[in-house]
There are 2 protein chains.
Amino acid sequence: MSEHLYSYQQLASFTEKVFKSIGCSDEHAATATKTLLSADLRGIDSHGIARLSGYVRLWEAKRVNATPVIKIIHETPSTAVVDGDSGLGLVVAPFAMQIAIEKAKQVGTGWVSVQHSNHFGIAGYHAMMALEHDMIGMAMTNASPLVAPTFSIDKMLGTNPICVAAPAGKEPAFVADLATTTAANGKLEILQRKNADTPDGWVQDVEGNPTNDANILKKGGALLPLGGDREHGSHKGYALGAVVDIFSALLSGANYAPWVPPFPAYVPMPAQQPGKGIGHFLGAMRVDAFRPADEFKAAMDHWIQGFRSARTVPGEEKVLVPGDPEREFEAERKRNGIPLLQAVVTDLATLADRFSINFH
Amino acid sequence: MSEHLYSYQQLASFTEKVFKSIGCSDEHAATATKTLLSADLRGIDSHGIARLSGYVRLWEAKRVNATPVIKIIHETPSTAVVDGDSGLGLVVAPFAMQIAIEKAKQVGTGWVSVQHSNHFGIAGYHAMMALEHDMIGMAMTNASPLVAPTFSIDKMLGTNPICVAAPAGKEPAFVADLATTTAANGKLEILQRKNADTPDGWVQDVEGNPTNDANILKKGGALLPLGGDREHGSHKGYALGAVVDIFSALLSGANYAPWVPPFPAYVPMPAQQPGKGIGHFLGAMRVDAFRPADEFKAAMDHWIQGFRSARTVPGEEKVLVPGDPEREFEAERKRNGIPLLQAVVTDLATLADRFSINFH
C-alpha cells in the first residue's frame, strides 16, 4: 500500500477548514482538530483524520450538531453532568475535562459524566489534559455495540476504552490508553488488508462460535472482551467494559449497552433509545491532594526506571512503560510527518472538493 | 478431597477469638472477621479463613501491628491519605472506605489512598460498603510481585485487583471484582491439586518462556497480566495492574512495584523499601451527585435485564452480570454452610490449640 507523508500543520490547517465548513466556530474547529489529530500523531491511525469524513457524514445525517450549546446540567463540588447538545465529542469531552480540572483545583478531584455527545477521538488526549496541572487524568467513553460479553452471542458493549495518565518528573508521563477488548477494530483492519487470519480469542461469528476470520464483523460477528474467552479471563474484560458504560452513560443519562448510536452514518439509529447520544466520563485528581507533587513525581521516576530495567524475555529488547509506543510515534511523526494511506488521501480529496478547500 | 461444612457463625466466632488472641480490640476483631469471611461467603476461598494462620504468622513476624493507630495524614474536601500504622488491611481498608463515603456525602465523591497497610482480603467487601449509601464504590490494592509485565522476566506487579460496585433498583447490585491477571493464584492451586496443566497464557517460567506448569511459581515463574501475551492484549492487563499500583502506593507513599512486602511471613522482606507497607485505594461516588438515585437505579435495572436476556453461545445457559457468581455462592453458603478443605481445618485446629480456643 502506498503511503503519503504530510506535516502536522498541513493536516491541521485542512481539518480546521473542514470543521469550519460544516459550521463549527473558530474555537470549536481548532479544538476538534487538535483532539482528532492527536490520534494521528500518536500512531492510532484508526481514530484520526481517517475518520474526518465520517464525522462530516454524521453532521449530514443530523446526528452531529456543529453549533452545540454545551452546558452543565447538574453539579456538586467534585462532580458534574454535562449535556453535549449532540456536539462533536472532540469538542464536548475537552469542555468536560476542563470542568473536572477546575473542580480538582477546588476540592482535590473532579469527575464529569457526559450525556448527549458523539465520538471523542482517543481517550488519551482528554486524560493527558490533566498532566500539565500536576494531576492524574482519566477518560473513558462508551461506543456502539461491537463486543459480545462472555457467553453472549449478542453484541452488548462498545470497545469502551479507558485512559489513565499520571505525571512523572524527569521521565515522560505514564499514559495507559486501552480498549477493553482483546484487539481493537483497527487491528482487524490491518489483518484485512493483509488477507490474514486473526489469532484465537479476538472475534466470534454470528452464532457465537470462535473464528479467526478478520472480516467477521461484516458478517454479523463480534469482537471479544479483553481475555478472549472465559478460561483466559474474558469475564474481566467484559466487566471493565461494563464499568465504562456505567460511568459514562448510566451516571449521565446517555444511551448505554446495545443502544449506543453507531459511528457510521449509514447504520440506522437503534430503535430504542433509553438515553441521549453517547456518554463519556472524565476525571482529574490533583496529585498534591494526596502528597506533595514533587515526592509523587520522584516516586514515579523510580517506578518507571524500575520497569525499564526489568530483564526481557527471549527475543524482546525492552520492557515498555504504558505510553512509550505512542510517545515514540509522536516524536517521529512531528519530525518526519504523518503517513496517510492512499484510501485516506482520496477520501480527504473528496472532502476538499466538496467544501472547495485546498488539499495536497 | 474431603470437605467439611461450617456455619458462618461458627467460623466467625472462632475467627474473632483468634484476632482477639493476637491483641486486636473487640471492634477491630469484629471488623477483621467480617472482612475476611466475606471471601468465604462469596466463594473466593483463597482469600478467606484459609489465610487466617497466614495473618497470625505476619503478626508473629512483627509485620502486622494488632493495635494500630490508624489516621488521616493529609486531606482535602474530596481526598485523604491514611496511614494504617502497619495494621491488618482487613481493618485499615474499611476505615479508609468509611472516610471516602463521608467525603462523598459532603462533596459528591471521596478518594482515599492508604499507606502502611497489609493485605485487605477481597476488594469486593470494601467497594460494596458504598452500596447501602446509594454510592458507587471502588477498591483496589497492590500486592507482592507475582506478575511479569509484557516482555519482562522479572516479576514487577502483584495480582492488583480492582472492584467497582454500583447499586441497582430491583436487581441486585453490579459488582465487578477482578485481579488484573489472566488467572489468580487460587486458580493455579486448584490445578495443582488436580495435577493438571494450565491453559496457555496464564504463566511463564523462570526464563520468561511460556509454560503450562501449574507449579511454576514455586520454580521462579510468574503469573501473566490479563491478556496473557502481547498478541492477546497483555500490555492492557499490565497497564491496569500498573494503574492500581500508582493509585494505591505512589499516591499514598506505600511500597510499590517489586518492593511490596510478601504475604507469607517466611519470605524475607524486600531489601529496598521505597515506601511504607502495602497500599490501597478506595473510592465512593454519590449517585445523586450525578443524577437522581432512583433514575440511575432504574437505568441499572434496565441495563442488567438487557444483559441477562442476551442470547447465549452454544453450550452455555446464561449470560452473567458481574457479581452474579459471588452472590449465588453467598446465598447458598448462608443457607447450607461454608465448606472447608481438610488442610484448612487442620490449620485452624492448630490455631485453636495454640490460643486455647474451641474449634469443631
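This is a predicted model: local features need pLDDT of at least 70, side-chain atom pairs count only at pLDDT 80 or more; totals for chains, interfaces and linings use all residues.
Biologist: Is Phe120(A) buried or exposed?

Modeller: Let's begin with its place in the chain: Phe120(A) sits in the loop between β4 (109-117) and α5 (123-128) of chain A. A residue counts as buried if 20 or more other C-beta atoms lie within 10 Å of its own. Phe120(A) has 30 C-beta neighbours inside 10 Å, so the class for Phe120(A) is buried.

Biologist: How far is Phe120(A) from Ala93(A) in space, C-alpha to C-alpha?

Modeller: Leaving aside neighbours within four places in sequence, Phe120(A) is in contact with Gly89(A), Leu90(A), Ala93(A), His126(A), Thr141(A) and His280(A). Phe120(A) and Ala93(A) are 27 residues apart in sequence. In space, their C-alpha distance is 6.4 Å.

Biologist: Are α3(A) and α10(A) parallel or oblique to each other?

Modeller: Good one! Helix α3 (residues 52-60) and helix α10 (residues 342-355) of chain A pack with their axes 9 Å apart, at an angle of about 45°. Leu52(A), Ser53(A) and Val56(A) in α3(A) meet Asp347(A), Leu348(A) and Leu351(A) in α10(A), and by class this contact has four nonpolar, one polar and one charged residues. Angles under 35 degrees would count as roughly parallel, and α3(A) and α10(A) are therefore oblique.

Biologist: Which element gives the largest share of the side of chain B that touches chain A?

Modeller: The contact between the chains takes 66 residues from chain B and 67 residues from chain A. On the chain B side, the elements that give two or more residues include β4 (109-117), α7 (234-250) and α8 (293-308). By class, that side has 39 nonpolar, 21 polar and six charged residues. The largest share, seven residues, comes from α8(B).

Biologist: Which residue takes a positive phi just after α9(B)?

Modeller: Helix α9 (residues 324-336) of chain B has 13 residues and reaches 18 Å from its first C-alpha to its last, close to the 18 Å expected. Just after this helix, a positive phi of about 105° belongs to Gly337(B).

Key: Residues are numbered from 1 along each chain as its sequence is written. Chains are lettered from A and ligands numbered from 1 in the order in which they are written. Helices (H or I, at least four residues) and strands (E, at least two) are DSSP runs, numbered from the N terminus. The expected span of a helix is 1.5 Å times one less than its number of residues. Two residues are in contact if their C-beta atoms, placed from the backbone, lie within 7 Å. Ala, Val, Leu, Ile, Met, Phe, Trp, Tyr, Cys and Pro count as nonpolar, Asp, Glu, Lys and Arg as charged, and the others, Gly among them, as polar. A residue is buried if 20 or more other C-beta atoms lie within 10 Å of its own, exposed if 12 or fewer, and partly exposed in between; C-beta atoms are placed from the backbone. Axes are lines fitted to C-alpha atoms, for helices over the stretch in contact, and angles run from 0 to 180 degrees between N-to-C directions. Angles under 35 degrees count as roughly parallel, over 145 as roughly antiparallel, 65 to 115 as roughly perpendicular and the rest as oblique.
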